[in-house]
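Subject: A structure for you to look at

Hello,

Here is the structure I promised to hand over. Please open it first, and then read on for what turned up in it.

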Amino acid sequence: MPTEVILPKVDMDMTHGTLAVWHVAEGESVTRGAPLFDIETDKAAMEVESPATGTLYHITAQPGDKVPVGSVVAYIYAPDVTVGPRPDAPVATQGPGPEALRQDAAAAPGMAAALEAEAGVRATPAARAAARTAGLDLAEIPGTGPRGRVQRGDVAAALDHAPDQPIPAVPPAAWIAQPGPLHINTRTGTGLPLVLIHGFTADSQGWAPLEKALGPGRPLIRIDLPGHGRSPRRRVRSFADLARMMTEAFDLATRDHDRVDLLGHSLGGALALAIADIRPRRVASLCLLAPAGMGPEIDAATLTGITRASRAESLAPWLRRLTATPDGISDDYARAAMKQRGDPMLRACQADMAGVLFPDGVQPFDLRPALARTQAPVSLVWGRSDHILPWRQALGVAGDYALHLLPDAGHVPQIECPERVARILSRHLASASTAPGHDNQG
């Protein structure tokens, strides 16, 4: 029997969803877990993965169709299954046809044409949302994803090529929460895996300079914070709420390993410490780069400036606060960073998160007791020219840990001096591997 492709439920109140686009045409092969189609509701948009490997047949819903939750929208036939007549399936409720679109166009000129064009374009849900907010036509944006799929970065690039058109700002309440697990990606290797958790407004790609300096041998597990990188946007109610989300992702990412080493930067450092406190038997060692949660002081103006910036020109001055000297961030780096931040909903989500985690410009969560409780080997690495989190916060922490102060580094030593950080981290991991209870095998 063929595998049924079901329209899933995105949120608790959802009864129907609009099929936005198919990523696989009828008669084409698909692999289990690969993107199959996108659905949209009034609250969210999401990508649906293929439930099986085989060939797609008997599509019952087309782009623009409003489909009841649980409806069968297609079938996937395994290579050894004969394709026969379409099995019975619920019929999708048809969305507006060409005549309705023409009537809509009379009331809103250009909208019908945009909807008709968008329906046939391969694009991620984030790219569709960003393009609509920016008033861009998806059909005119070159896609760099698989099979020409338009991604969020492509929309940002299109905006970047139109200097007269700033990326529109979105009020903090305007962003839409998304379902799904946090994004996890891995690198294979030998030995105990190293789990990496990035900082606020960054993503897993920010580890690239350090990874290069470390070399290819060690397995890596990278987790994107909610509303960052490729993770879905989520509403965060408190640091404890965020720590719960990250612990769930940690459990999922490390389910095949008894113990792992853990590395976190800034907010990711605070979360890494929280995970080590919640899952002490799972963490073999802990390395924290300029971790949050060691004291109340934080440069809230820089965090606000980064989340609000809608152009590379306004983003660059705030990014330069992250390094020891202003020349640590080039204009090209700022433009590349702005392309990653082109989605106004992403920026609005992060602005809301900053307001929750750092109310009135302070750090209300205190991770110093957790550090004092940590039994695993701990190393703290801090730049003496850190403008975001003062390195002296490390001096008020009780517990047994190694402290490395880097004289010519700011808040992002993994980018400013990755080779030096890699040497410190390598020595830390080598020393931790000889500690009682440390498992050298992944």
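A residue counts as buried when its relative accessible area is under 20%. F365 has a relative accessible area of 8%, so F365 is buried. Please keep in mind that this is a predicted model.

**Aromatic pairs**

How many aromatic pairs does the structure hold? There are 5 of them.

F365 comes back here with a partner: F239 and F365 form a stacked pair, 4.2 Å centre to centre and with 10 degrees between the planes. F239 is in helix α6 (residues 239-253), while F365 is in the loop between α11 (344-357) and α12 (368-373), so their pairing ties together parts that lie 126 residues apart in sequence. F239 is buried as well, because its relative accessibility is 12%. Both residues also belong to an aromatic cluster, which F200, F239, F358 and F365 form.

**Charges over rings**

Two arginines are worth a look. R235 lies over the face of W175, 4.0 Å from the ring centre. Over the ring of W391 you will find the charged end of R384, at 4.9 Å from the centre.

**A loop threonine**

Next, go to T60, in the loop between β6 (54-57) and β7 (66-68). With a relative accessible area of 17%, T60 is buried. What lies 2.8 Å from a polar atom of its side chain? That is the backbone oxygen of V72.

**Helix α14**

Last comes helix α14, which has 16 residues (418-433). Which residues of α14 are buried? They are P418, V421, A422, I424, L425, H428, L429 and A432. Because these residues cover an arc of only 165 degrees around the axis, they sit on the same side of α14.

Enjoy exploring it, and write back with any questions.

Best wishes

Notes. Residues are numbered from 1 along each chain as its sequence is written. This is a predicted model: local features need pLDDT of at least 70, side-chain atom pairs count only at pLDDT 80 or more; totals for chains, interfaces and linings use all residues. Side-chain values use heavy atoms; hydrogens and water are left out. Helices (H or I, at least four residues) and strands (E, at least two) are DSSP runs, numbered from the N terminus. Buried means under 20% relative accessible area, exposed over 50%, partly exposed in between (1.4 Å probe, protein chains only). A polar contact is a pair of N or O atoms within 3.5 Å; within protein, one must be able to donate a hydrogen and the other to accept it, and residues adjacent in sequence count only if both atoms are side-chain atoms. The expected span of a helix is 1.5 Å times one less than its number of residues. The arc is that of the directions from the helix axis to the C-beta atoms. Rings of Phe, Tyr and Trp (its six-membered ring) pair if their centres lie within 6.5 Å; planes under 30 degrees apart count as stacked, over 60 as edge-to-face and the rest as tilted. A charge sits over a ring if NZ of Lys or CZ of Arg is within 6 Å of the ring centre and within 35 degrees of the ring normal.
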